[in-house]
Amino acid sequence: MKYEMSNKYFLTIILVWISRLIIVASNRDTCVTPYGPVTRFGTYFMPTFVATGDFNNDNQLDIAVSDYNGMVSVLLGNGDGTFQNQIYVSIDGDALIFIATADFNNDKNLDLVVASQDNLRNCVYILLGNGNGTFSTRYEYTVGVGPSSVAIGDLNEDTKLDLVVTNAYNNSVSILFGVGNGTFINQKMYTVSSSPSFATIGDFNNDKKLDLAITLSNQAQVSIWLGNGNGTFRRRTNYKVGSQPIFIAVADFNEDNKLDLVVANYNQSNVSVLLGVGGGIFRKQKTYATGANPNSVAVGDYNSDGYLDLAVVNENENNLCILFGNGYGIFHQSDKYMTGSWPRSVVSGHFSNDNNLDLVVATYSEANILILLGNGDGTFPKPTVFPTGTGPVSVAVGDFDRNKKLDLVVANAGNKSVSILRSNGNGTFQKDRRFSVHSSPSCVITADFNNDQNLDVVVTFTKTNKVGVLLGHGNGTFHNEKTFGVGAGPTSVVAGDFNNDRNLDLAVANCYDRSASILIGNGDGTFKEQVSLWAGGGSCSVTAGDFNNDRNLDFAVATFADNTVNVYLGHGDGTFGGVKTYTTGNVPESVAVGDFNNDHNLDIVTADNGQNDVGILFGDGKGSFSGVQSIGGLFGPIFVTVGDLNDDKNLDLVVVLETDTTIQVVLGNGNGTFRDAVRYTTGHGSKSAAVGHFNLDNKQDLVVVNSGDDDIAILLNSCS
């Protein structure tokens, strides 16, 4: 039978025996956020705490973020849930652990207070705001050892704001009295029994004098200090809470006009709610489960029912949970939302001017903040996910049941299977159907290998040094696998017609023995014995294309141990000329091709994990490539794929990150340059991604494999 196939079958494999990929530049306005509002914005390096306020007096809410490496990031809000590029404010000390905002010098411009646990300083810094989003005058005040939080209020009733600093490492609390011009005097230091971790201020006995609530981390207690109104305190009363309380917030949860407390118990994975009864006395705690290691709470009415709710970030679960209040001081948990690695702080505010309460989360290990724009019903936007088998690692797209709707095939390493998810045509998918294979698969692609016009599946098996072929019936089901031997540790495969006989062949990257395997197809779903080619150290990713415009298919292998790409130019008969080697960035883990500068010659892109970037090698159309152009700021890239995501006729990049819960979309300008990356939340342990039209609107959508969640995330393109 002749080799015939519609283009729709080749959305996720770089295959075809055409001579070049032609991209036409477009001058029309382009969509820059194809998958909904931007949700993540860069900070400096290791963000620790977040505060909000209008720092440039434009009536839009802005964000200030403290960073462990001695920097404060200020992001000015646009009023639509997006933010301008960050403004850096450098601090001499490191280990910035906390930030808060207030007007300390009474000039109607918001200022900042930042706590530093730098061993050489152990201080708080005051940064006076200029009213335009910048900060100038800075004051430094030494406090106790290990300042961990700062509470702000007028403790001595002189109409000037004072500071309360918890010093976690020498069991003390510092009180600094404000002068009203941004400076502070007469520090008083109080000894406490054990590791004060966080302080907040409120009038707990309704005497119109401010009191303190302080978490004692090593004693599993909250200490209440009743104020005298002159900056001193009388009776201290301690209340039992959960293990290692590290955060406390104050609000009236049961609407009795008496302040209540909520405490995040880091080691117990819950929060404690203590209802106030008046006179500075609180009832016994009630606990509510959160995720693992809660460390910050934001109070607000997230579902617009008039009752206060709780938003809790869970550091070791990399998520945020919402606990809905019923107005009686009782809470119940709803959905969880992925945040990114090590969420440290959460704050609520109206960032998009729609009267729905939004959230901002600082993620310590990802150098960014996450914005969750509220829907007003207690939910926040998140990607649509669909379950797969255990440990999904690779995904491909194709119409397996011939109904003109793109389906998905997923390789599940955890339970030795492939999942087929049949499309409903509206961006949703039916429950997966699983087909067993003999070992844990590492990569999956799809094409018609036996020329029956039904899509088949090819899977690599790293542990058994084989590739498996599952021939499709055309109804979403498959024959049992047939296996073919390759080199040691196959991790990547690409299909193409390397000998011009109109039957599809395979090129396989073998990660463990420095080789690539070529398997010539017989046209019936079987393959001849492999031909092995030297490929370099760490030859773990392969792609194919016509690099010298001779209408013969070539291929390229990325070698993460050698930091190179090796290019093999095809003769058109299944053999290849001598290898050409090109230097990449450090540890290239993935390779793909596309024409990124619209010169009608194929270029190569690599995801350089060891260099936190992707690199572009520009092709000259004769089989040679020029030096690497790097696109930085991509932390731990492990996979890259290509598509025109915003329909401007210029190729864009989708980059999967190793330690993140996001992907990054990098839009191309069509001249070999790219815009700043935009992050989209997907899931835990993302491994790979693919592009396809999943809801029949002719826009390129994304599917991302989340190995840590045993699911896939679908991001539907919203460009108009």
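Domain 1 and domain 3 bury about 1500 Å² between them, with 66% of it on carbon and sulfur atoms. Buried area is the accessible area (1.4 Å probe) that two parts lose on being put together, summed over both. This is a predicted model: local features need pLDDT of at least 70, side-chain atom pairs count only at pLDDT 80 or more, and totals for chains, interfaces and linings use all residues. Residues are numbered from 1 along each chain as its sequence is written, and side-chain values use heavy atoms, leaving out hydrogens and water.

User: Which residues supply 30% of the area that domain 1 buries against domain 3?

Analyst: Pro47, Val50 and Leu61 do, more than any other three residues.

User: What are the bounds of domain 1 and domain 3?

Analyst: Domain 1 covers 43-150 + 179-191, and domain 3 covers 295-382. Such bounds come from an automatic or database domain assignment.

User: How many residues does the contact take from domain 1 and from domain 3?

Analyst: It takes 19 residues from domain 1 and 19 residues from domain 3. Contact means heavy atoms within 4.5 Å.

User: Why is Ser686 called buried?

Analyst: Its relative accessible area is 1%. Buried means under 20%, exposed over 50%, and partly exposed in between (1.4 Å probe, protein chains only). Ser686 has 1%, so it counts as buried.

User: What makes the pair Ser686 and Thr682 a polar contact?

Analyst: Their side chains are joined at 3.2 Å. A polar contact is a pair of N or O atoms within 3.5 Å; within protein, one must be able to donate a hydrogen and the other to accept it, and residues adjacent in sequence count only if both atoms are side-chain atoms.

User: Why does Gly300 count as buried?

Analyst: Its relative accessibility is 5%, so Gly300 falls under the 20% limit.

User: Which residues is Gly300 in contact with, leaving aside neighbours within four places in sequence?

Analyst: Tyr307, Leu308, Asp309 and Leu357.
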